[in-house]
Amino acid sequence: MKAKEINKKMEDKNKDIHAFLEIFKQPIKSTNFSAIGENPLKGMEIAIKDNMCLEGERATAGSQILEGYIAPYTATAIQKLIDSGVSIVGRTNLDEFAMGSSTENSGFGPTKNPIDTTRVPGGSSGGSAAAVASGMVRVALGSDTGGSIRQPAAFCGIVGMKPTYGAVSRYGLIALGSSLDQIGPFAKTVTDAEMIFNCIKGKDEKDATSYYPENNDTNLKKVIGVPKGITKGLEEDVEENFNNALEKMKSLGYEIKEVEMPNLSLSLPVYYIIQPAEASSNLARFDGIRYGLSVSGESVLDEYLKTREVGFGAEVKRRIILGTYVLSSGYHDEYYGSALRAQEIIKNEFKNVFKDVCAIATPTTPTPAFKFGEKTGNPVEMYLADIFTVPANIAGIPAISLPSGFVNREGKDLPLGFQLMARDYGEDVLFTLGKEFLGEK
Amino acid sequence: MISNDEVKRLASLARIELTEKETETFAKDMGAILTYVDAVKAVSGAEIEDKGINLKNVLRDDVVREDKSYTEAILKNAPNKSGEYIAVKKIIEGKGNK
C-alpha cells in the first residue's frame, strides 16, 4: 500500500478509537535514512505519546494550555529511534499532563478501548496502548509515572514496560513527577518491547538523572516472589487469572514463593503526596507568558490566574492544589517529609526481597477495563486503579505488564495483565521471563 | 477537613482562579484524598533519617554549546514578544506611576 492509503486507513480507524491526536501526513523519519545501516528497527512504524517533544511538531500533553505550542527540539528517546530508522506516524492521546488512569482527562476527548468501545483504554498513555492494540502501529512510546504504561497495556491486552528510573533519558518529556517519570515501550510482543528499550536506554548528557550500567549481574535465581495477601479483595475471576499466570511460571521451572511486604500498601498514599507535590512545581511554568495559551488580563498576576483557570482541566487543578497543600508551610514535614521517609522504607523492603527472588509478581490491575464515567466522580476510586503499578515507581524499579488472558464482563471478554517487577536495572530479567511466559522464542 | 477558604488560599498561591463550584468540589475531594494519604503519617522513619538518602549528584561542567540555536523556535512560541525578548506586563508599579 502507498503511504497515502495507509494514512487514510489509519484516519478511518482513528475516528472510532481516537487513539491519535494527530496522524502525520507523512511519517517522520531520519533525513539521513538511506545512510542508516542494517537495523531491526529500520522502517518500523511507531506512535509517540503526545507529552514528548518532536522538533517542529505540536506537543499538547493533552492540555488546552499548550494550544499552538510547537516543540523547539526533539526528545532524546525519540531522536535515538529516528537515528535507528523508525518512522514516527503520529502523536497519541493521553490524560492531561499524564494525570489519570482512563484518558477521560484529555483536553481533546477520551480514547476508546479497541476491545470494547464502551470502556476506557486505561491511562494515562491510553492513546498509545489503543494504537498498538488496534493494529494501527506495531509499537508505541508511553510514559509511566504511576502505571501509565502498564495499566493501559493490561486494559488493552498488550505488553507495556516501565524501565528502571533513569534508564531512559527524560529530556524532551513534559514533566509530571520528575523523580518518578519514565519513558517506555508498548508492543504486542516482549521481543519488540526489548528492541525499543535497548534503542532508547542509556546515559544522556541532557538528563542528569539518566544512567545505565554496562555490565549487569544476570545471575538468575529461578524464584518469583508474590507479596502476601496481594489478591485480597479481588474478584474471583481476576484472582483466578493471576493464579493461572503463576501456575504457568511454575510449569516453566520457576519456584513461587510468598514474600512479606508489609509496607507495600503505603505506596499509593506516598505516591499521592510526592507526585502532586512535584507536579505543582513542574506545572508552574505554564503561565501564559512563554508559550501556549495566553489569556490577557489587567496585570501579570491577573493573566496567570485567567490563563491557568481556562487552560487546565479539573484533575490538573486538583493535583496542583493538593501539591501546594502538602508542600505548604506547616504541612511540609507532616506530609512530604513523611512520604519521603516511607518511600525509603518501601525501597528497602524491595531490596531485601530481591535477595531471594529474581522477580516479584502481582496482577497489573485490580479489575479489567472499566466503563466511561464509572470513576470520574470519585478521585480516590480512580487513583486506586493504579494500586499494583505504583509501587514500582516509588521504588524506582523496572516492571512489565504481560497479557494474561481474559475475564468476561457483560458478555465481553476483557483482557488482564500479569505484572513482573525486577531489581534496579533488571530489565533483562523481565524480558527473559516475559518471553517465556508468552512463549516467544 | 479542608475548608473552602483554605482551598481558595491554596489556589491563589498556585495562581489558579477557581469558580465557587470548583472550590466546593475540591474541598470535598481533598478531604477524601488527605484521609487516604494520612497513612504515611504513621511512619516514624527514625531509622531512615539516620542513614540519609542513598543518592549522589551527577554534575557536568557548565559550557556554552551552540549560540542562539533555539532562540528563534523559542521566541516563535511566545504569545507576546519585543525583538529578541519575551514581553510581559509591567510587574513593579512605582508610586504615582499608575
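Visitor: What makes Arg15(B) count as buried?

Guide: Please note that this is a predicted model. A residue is called buried if 20 or more other C-beta atoms lie within 10 Å of its own. Arg15(B) has 20 C-beta neighbours inside 10 Å, so Arg15(B) counts as buried. Arg15(B) belongs to the loop that lies between helix 1 and helix 2 of chain B.

Visitor: Which two residues are joined by a cis peptide bond?

Guide: Gly123(A) and Ser124(A) are joined in this way, with omega at about 10 degrees. Most peptide bonds are trans. Ser124(A) is found in the loop between strand 3 (87-92) and helix 3 (126-133) of chain A.

Visitor: Why is chain A called as compact as a globular protein of its length?

Guide: For 441 residues the globule rule gives 22 Å, and the radius of gyration of chain A is 21 Å; the two values are close, so chain A is as compact as a globular protein of that length. The C-alpha trace of chain A spans about 65 × 60 × 50 Å along its principal axes. Chain A contains 13 helices and 11 strands, and 60% of its 441 residues count as buried. Among the contacts in chain A with a separation of 6 or more, 74% come from residues 24 or more positions apart.

Visitor: How do you know that the length of helix 8 of chain A agrees with its number of residues?

Guide: Helix 8 (residues 300-311) of chain A has 12 residues, which at 1.5 Å a residue should span 16 Å; its end C-alpha atoms are 16 Å apart, so the values agree. The buried residues of this helix include Glu303(A), Tyr304(A) and Leu305(A).

Visitor: Why is helix 7 of chain A called roughly perpendicular to helix 9 of chain A?

Guide: Angles of 65 to 115 degrees count as roughly perpendicular. The axes of helix 7 (residues 267-282) and helix 9 of chain A cross at roughly 105 degrees and come within 7 Å. The angle therefore makes helix 7 of chain A roughly perpendicular to helix 9 of chain A. The residues of their contact divide into eight nonpolar, three polar and one charged. Among those of helix 7 of chain A are Ile273(A) and Pro276(A), while those of helix 9 of chain A include Arg319(A) and Ile320(A).

Visitor: What makes helix 9 of chain A roughly perpendicular to helix 1 of chain B?

Guide: Helix 9 (residues 314-327) of chain A and helix 1 (residues 4-13) of chain B pack at about 95 degrees, and their axes are 9 Å apart. This angle falls in the range from 65 to 115 degrees, which means that the two helices are roughly perpendicular. Helix 9 of chain A contributes Ile321(A), Thr324(A) and Tyr325(A), and helix 1 of chain B contributes Val7(B), Leu10(B), Ala11(B) and Leu13(B). These residues divide into six nonpolar, one polar and no charged.

Visitor: How many residues of chain B are in contact with chain A?

Guide: There are 36 residues of chain B in contact with 42 residues of chain A. Helix 2 of chain B gives the most to this side of chain B, with seven residues. The residues on this side of chain B divide into 26 nonpolar, two polar and eight charged.

Visitor: What makes Ser338(A) buried?

Guide: Ser338(A) has 25 other C-beta atoms within 10 Å and is therefore buried, given the cut-off of 20 or more. Ser338(A) lies in helix 10 (residues 332-353) of chain A, and it touches Val40(B), Lys41(B) and Val43(B).

Notes:
Residues are numbered from 1 along each chain as its sequence is written. Chains are lettered from A and ligands numbered from 1 in the order in which they are written. This is a predicted model: local features need pLDDT of at least 70, side-chain atom pairs count only at pLDDT 80 or more; totals for chains, interfaces and linings use all residues. Axes are lines fitted to C-alpha atoms, for helices over the stretch in contact, and angles run from 0 to 180 degrees between N-to-C directions. Helices (H or I, at least four residues) and strands (E, at least two) are DSSP runs, numbered from the N terminus. Angles under 35 degrees count as roughly parallel, over 145 as roughly antiparallel, 65 to 115 as roughly perpendicular and the rest as oblique. Two residues are in contact if their C-beta atoms, placed from the backbone, lie within 7 Å. Ala, Val, Leu, Ile, Met, Phe, Trp, Tyr, Cys and Pro count as nonpolar, Asp, Glu, Lys and Arg as charged, and the others, Gly among them, as polar. The radius of gyration is taken over C-alpha atoms; the globule rule is 2.2 Å times the number of residues to the power 0.38. A residue is buried if 20 or more other C-beta atoms lie within 10 Å of its own, exposed if 12 or fewer, and partly exposed in between; C-beta atoms are placed from the backbone. The expected span of a helix is 1.5 Å times one less than its number of residues. Lists of a residue's contacts leave out its neighbours within four places in sequence.
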